[in-house]
Amino acid sequence: MDYEDRLKAWKEHFSSRVTDDMIPKMPDVWYPRKQPSFIDKAGNFVRACCGYAQGGFKITPNDLYESRVKICQDCSFFDNNSCIACGCFVSFKAKMLSEDCPKGYWPKT
Ligand code: SF4
């Protein structure tokens, strides 16, 4: 049960006494934002592809790839193999040597 489900159940339970403005907003560090918009994702994808081409289409070595993916899997912005911060598929993003984490958790090489 995620935050939204718990919030819904809580609101149903206290529906007669609780109004929306009484519910505190969860900070990003506790609950990641929604995916970026389609336009933002497309822009990030184009930027990633341009960087990949400029970097000579270099693929990340396996050990570095594994460490990038491990960091992502433990990250609060990781959701269903996607990065919520940029909207990219983590498995593709980590494979491009030219890429970096938008939150600075793993650097560009
Ligand atoms: S790329 Fe960075 S922000 Fe996105 S899931 Fe990975 S570690 Fe988290």
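1. Of the 109 residues in the protein chain, 10% are buried. Buried here means that 20 or more other C-beta atoms, placed from the backbone, lie within 10 Å of a residue's own; 12 or fewer makes a residue exposed, and anything in between partly exposed.

2. The model is predicted: local features need pLDDT of at least 70, side-chain atom pairs count only at pLDDT 80 or more, and totals for chains, interfaces and linings use all residues. Numbering starts from 1 along each chain as its sequence is written. The pLDDT, the predictor's confidence in each residue on a scale from 0 to 100, averages 84 over the protein chain, and 81% of the residues score at least 70. Helix α1 (residues 3-13) has the lowest confidence, with a mean of 77, and helix α3 (residues 62-73) the highest, at 95.

3. The protein chain contains 4 helices and 2 strands, in the order α-α-α-β-β-α along the sequence. These elements are DSSP runs numbered from the N terminus: helices are H or I with at least four residues, strands E with at least two. Two residues are in contact if their C-beta atoms, placed from the backbone, lie within 7 Å. Among contacts between residues at least 6 apart in sequence, 58% join residues at least 24 apart.

4. The largest nonpolar core has 7 residues, namely Cys72, Cys83, Ala85, Cys86, Cys88, Val90 and Ala94. A core of this kind is a set of buried Ala, Val, Leu, Ile, Met, Phe, Trp, Tyr and Cys residues joined through C-beta atoms within 7 Å. In soluble globular proteins, nonpolar side chains tend to be buried together. Leaving out residues up to four places away in sequence, Cys83 touches Cys72, Phe77, Phe78, Cys88, Val90 and Lys93.

5. The residues around the ligand are Ile71, Cys72, Cys75, Phe77, Phe78, Cys83, Ala85, Val90, Cys101, Pro102, Lys103 and Tyr105.

6. Lys58 sits in the loop between α2 (38-54) and α3. Lys58 counts as exposed because it has 12 C-beta neighbours inside 10 Å. Setting aside neighbours within four places in sequence, Lys58 is in contact with Leu97 and Ser98. The C-alpha atoms of Lys58 and Leu97 are 5.7 Å apart, although the two residues are 39 apart in sequence.

7. Tyr52 belongs to helix α2 and is partly exposed, because 19 other C-beta atoms lie within 10 Å. Not counting residues up to four places away in sequence, Tyr52 touches Phe57, Met96 and Ser98. Tyr52 and Glu99 are 47 residues apart in sequence, with 7.4 Å between their C-alpha atoms.

8. The loop between β1 (78-79) and β2 (82-83) holds Asn80, and Asn81 is in the loop between β1 and β2 too. Most residues other than glycine have a negative phi. In Asn80, phi is positive, near 55°; in Asn81, phi is also positive, at about 65°. Asn80 counts as exposed because it has 8 C-beta neighbours inside 10 Å, whereas Asn81, with 13, counts as partly exposed.

How values were computed. A residue is near a molecule or strand if its C-beta atom, placed from the backbone, lies within 6 Å of it.
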